[in-house]
Amino acid sequence: MVEAAATTPDRLPAWQALLRHAEAYKHSHVAALLTAKGQEHRFARFSRRVAGLTLDLSKQRWDDDTLDQLLTLAREAGVPEAIESLLSGQRINQSENRPALHTALRLPAGATLEVEGEDVVGAVQESLSRMETLVKRLHAGQWRGATGKPIRRVVNLGVGGSDLGPQMVTHALADFRPDDIHRLKIHFASTMDGSQLVDYLSRLDPETTLFVLSSKSFTTVDTLSNAGTARDWLISRLTDKGVAPVSAELIIRQHFIGVSARPEKMTAWGIAPAHQLRFWEWVGGRYSLWGTIGLPIALVIGMANFRRLLAGAHAMDDHFARANLEDNAPVMLALAGIWNVNFLDIRAHSILPYDGRLEYFSAYLEQLEMESNGKSVTRHGEAAEYSTCPVLWGQLGPNAQHAFYQLLHQGTQPVACDFIAPLTRYDDVKDAETRRLLQSQHRLTLANCFAQSRLLMLGDEAIDDEAPRPAHKRYRGNQPSTTVLLDRLTPEILGSLIALYEHKVFVQATIWGINPFDQWGVELGKQIAGQTQQILEGDAEPDGMDASTRGLMEAFWAAGGGPAE
């Protein structure tokens with residue numbers, strides 16, 4: 001990898017110039033930018049079209065000079081070189097000494113990408129073919145459980161990237177379920193407390209239920225705990241089913257698929273090699289839906305539509321690789337975030353989709369961005385004396401209007417917002433009257449989306465009323481926002497939307513000088529949780545435990561907790 005200078009970005013000349021430039025904007029209002037002379041072309045200047053998306057950055061609190069200086073910062077921070085390093089498979093994940101090759105998962109068949117002397121595309125395509133074989137068996141009703149009945153329900157057991165990505169995409173693309181798929185329903189369970197899983201176990205038929213155990217390391221306690229419960233539930237209910245006793249080995253073989261980078265651990269757990277799907281250490285969990293972790297997606301929408309999802313993401317990858325910085329949609333989106341966080345001191349970011357199919361998109365981005373860029377140490381081990389990732393949260397926009405928009409409009413916290421909506425919806429509804437009614441609702445939704453971003457930007461100036469308003473009815477505005485319009489929500493365009501945000505995260509990490517592909521804070525939390533569990537179970541003494549945590553443990557023991565006698 002071509003490394004940028006081993007210095008923090010706040011020492012770069014462009015960063016210092018932007019600090020001076022920002023002084024003029026900290027107390028200015030974005031409304032002035034939109035009403036200034038010559039601003040009739042502002043939308044054209046600050047919007048980009050690519051891969052079925054329109055990215056509108058014209059409501060950001062910036063001008064041409066701001067953008068030019070941010071582009072200079074991107075060049076000084078080595079963004080062009082970093083993009084090439086990412087896409088060519090160099091070892092950009094320095095702390096784990098490996099590439100980050102999620103983009104290779106969506107390369108088309110016939111492409112080549114040689115990484116350290118090996119063409120990885122062939123292995124990726126082989127894994128997709130293997131997944132397709134399992135998908136076709138399940139869709140055709142040819143996968144039989146231990147007692148011979150066809151599988152009707154599939155429960156995905158995963159957490160983090162093994163859950164959030166697949167669940168988000170299956171919900172978003174449920175309309176694309178092929179008509180000829182056998183009666184098959186997909187469920188997700190991730191919480192280690194078993195609350196999701198117990199609901200399924202109380203109403204699913206063990207003879208017709210299959211579990212997908214998805215864990216890159218095959219050591220994630222949340223997932224393995226749920227898998228152990230599922231295994232015991234199956235064995236307890238199926239052993240005496242049928243004409244002859246059913247062995248535990250047969251039950252595990254016919255009712256579990258494993259997805260992991262550790263085949264030896266899957267085999268040791270009891271999952272048959274023929275029912276194992278593999279991926280690689282160079283795929284981060286939150287970037288893994290494009291490969292075999294996407295099995296639930298393929299089960300819902302079919303492999304043809306899954307490949308369309310990959311094609312859309314690859315189209316964004318190709319744009320990211322080829323476009324000049326000033327025309328590069330992920331770079332532009334990233335620079336708007338850098339400007340807000342580091343120079344306008346806006347450290348909160350809300351994701352607001354205006355389409356119910358994108359219900360889980362905010363949660364997906366929360367992990368993608370905060371697990372990737374929630375870092376305070378640079379790649380070179382220096383403390384980051386500047387803000388990195390903002391706090392992300394979000395909800396469906398129409399619902400959020402009745403929840404936290406009050407804070408956005410009249411609260412004391414500055415918040416940047418992303419509005420996301422499809423331009424076209426319901427045009428495929430066959431009945432003309434139903435189509436007319438639904439498209440009217442879609443226009444209402446878009447009207448709310450456009451109006452909310454306008455009011456956040458302009459405040460009281462958006463209101464066509466010159467009558468004086470009492471203080472409690474005033475809107476200050478000046479909240480910057482981005483709008484991402486989808487031509488329509490299809491597998492290809494959803495793929496390009498996700499890839500847009502993936503690459504935005506990478507560009508911001510490059511400028512901040514951090515590694516977005518590790519998550520040592522998460523790993524340490526797992527380690528401490530394991531030690532704490534030993535104490536709660538009575539297998540270790542609480543010596544050296546802090547007084548606060550010890551008090552919580554004692555409350556648990558006093559309530560009758562602890563290991564069974």
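Two strands count as paired here if DSSP finds at least two bridges between them. I'm keeping that in mind while going through this predicted model.

**Entry 1: the β5/β7 pair**
I started with strand β5 (residues 153-157) and strand β7 (residues 209-214), which run parallel and are joined by five bridges. What is the bridge partner of Leu-157 in β7? I looked it up, and Leu-213 is the partner.

**Entry 2: the sheet around them**
Next I traced the open sheet, which has five strands in the order β6-β5-β7-β8-β9, with parallel pairing. I noted β6 (185-189) and β9 (276-278) as the edge strands, each pairing on one side only.

**Entry 3: strand β10**
Is strand β10 (residues 348-353) enclosed or open? I went through the strand and found six of the six residues buried, so β10 is largely enclosed by the rest of the structure. In a regular strand, side chains alternate between the two faces of the sheet, so I checked each side separately. Ala-348, Ser-350 and Leu-352 are buried on one side, and His-349, Ile-351 and Pro-353 are buried on the other. Both faces of β10 are covered, then.

For partners, I have β10 pairing with strand β11 (residues 391-394) in the parallel sense over four bridges. Ala-348 stands opposite Val-391 in β11. Between β10 and β11 the chain passes through helix α14 (residues 361-373), and I logged this β-α-β crossover as right-handed. Strand β12 (residues 416-422) also runs parallel to β10, with five bridges joining the two. There I found Ile-351 standing opposite Asp-418.

**Entry 4: His-102**
Last stop was a loop residue. Where is His-102? I found it in the loop between α5 (79-88) and β3 (114-115). His-102 has a relative accessible area of 2%, and the cut-off for buried is under 20%, so I put His-102 down as buried. Leaving aside neighbours within four places in sequence, I listed the contacts of His-102 as Leu-86, Trp-282, Tyr-287, Trp-290, Glu-502 and Phe-517.

Terms used: Residues are numbered from 1 along each chain as its sequence is written. This is a predicted model: local features need pLDDT of at least 70, side-chain atom pairs count only at pLDDT 80 or more; totals for chains, interfaces and linings use all residues. Side-chain values use heavy atoms; hydrogens and water are left out. Buried means under 20% relative accessible area, exposed over 50%, partly exposed in between (1.4 Å probe, protein chains only). Contact means heavy atoms within 4.5 Å. A crossover is right-handed if, with the strands pointing away from the viewer, the path from the first strand over the helix to the second runs clockwise.
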